[in-house]
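Hi there,

Here is the structure I promised to pass on to you. Have a look at it first, and then read my notes below.

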Amino acid sequence: MNRKVLTFLLALIITVTCSTQLFAAGENKPVQMNADTIEYDSVQGVMVAKGGVTVTQDNAIMTGETAIYNTKTQEATVTGNVKVVRDKTTLTAPTVVAKNNNHIIATGGAVLVSEDKTLRGPQIEHFADRQYSIVTGGATIVSADAEMTSDLLEAFHNEDKVIGKGHVHIVSEARKLNATSELATYYGSKAQQNQGQVILSGNARAVQENNVLTGNTLTIYLDDKAMDAQGRSKLVVVPQEQQNKTK
């Protein structure tokens, strides 16, 4: 399995790291809100906006049907076809909750799109202070030519690292690649000194062109034409002639 077959993993991870830009702090820039009605309870410190809600800050725009903001707890909840757009990244979800200007939770079936890459999950959370994102309840990343699913996905943006946990499945019909494992860890060039890699562990199995490589741990080096198997491993190579007969 060469570099061209496996570097699609790098493109898949870009979807997650783009959430850093989407959820970046507004650097105290002014916020403008428009809605059909806006009510403010000064005693409770609660503001409620209803109908065609639009919130704009710098180059980020959030829209929804209803927005509630508590000035005392600094918690905001936007519901009803919520859409957040910043640069080339878009987040949509039935409900988005923001806490302490740091913690954002998108629930009800969240979708994060950046150019030709899409991240989906029942719930997407981002913590700006730690530059950390987590997708729970089942995560799916789709690029132009590949898809990766896992039960849970974590992104450590400052470390250039992404972890997929539980029933990891990577499929690329264009590259005729199918890989599974219990855990997948991606290290970008920043984390690995210009040598990006993906480590599949826990019943790791990769199939390409009917050739099968299995092992306790499989390491894919994105900058080199190399793939290592650690622990007890097995490689089954199907001769080209036999592959042609099965097509």
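**What I found**

Let's start with Glu154, which is buried, at a relative accessible area of 11%. Here, buried means under 20% relative accessible area, exposed means over 50%, and partly exposed is in between (1.4 Å probe, protein chains only).

Before going further, please note that this is a predicted model: local features need pLDDT of at least 70, side-chain atom pairs count only at pLDDT 80 or more, and totals for chains, interfaces and linings use all residues. Residues are numbered from 1 along each chain as its sequence is written, and side-chain values use heavy atoms, with hydrogens and water left out.

How many salt bridges does the structure hold? There are 2, where a salt bridge is a side-chain nitrogen of Lys or Arg within 4 Å of a carboxyl oxygen of Asp or Glu.

- Glu154 pairs with Lys165 at 3.0 Å, N to O. Glu154 is in strand S12 (residues 152-156) and Lys165 in strand S13 (residues 161-172), so the bridge ties together parts that are 11 residues apart in sequence. Strands are DSSP runs (E, at least two residues), numbered from the N terminus. Lys165 is partly exposed, at 36% relative accessibility.
- Glu159 pairs with Lys161 at 3.6 Å, N to O. Lys161 is buried at 17%, while Glu159 is partly exposed at 43%.

The largest nonpolar core has 36 residues, and Met62, Leu91, Val96, Leu153 and Leu200 touch the most other members. Such a core is a set of buried Ala, Val, Leu, Ile, Met, Phe, Trp, Tyr and Cys residues joined through side-chain atoms within 4.5 Å.

Happy exploring!

Key
Helices (H or I, at least four residues) and strands (E, at least two) are DSSP runs, numbered from the N terminus.
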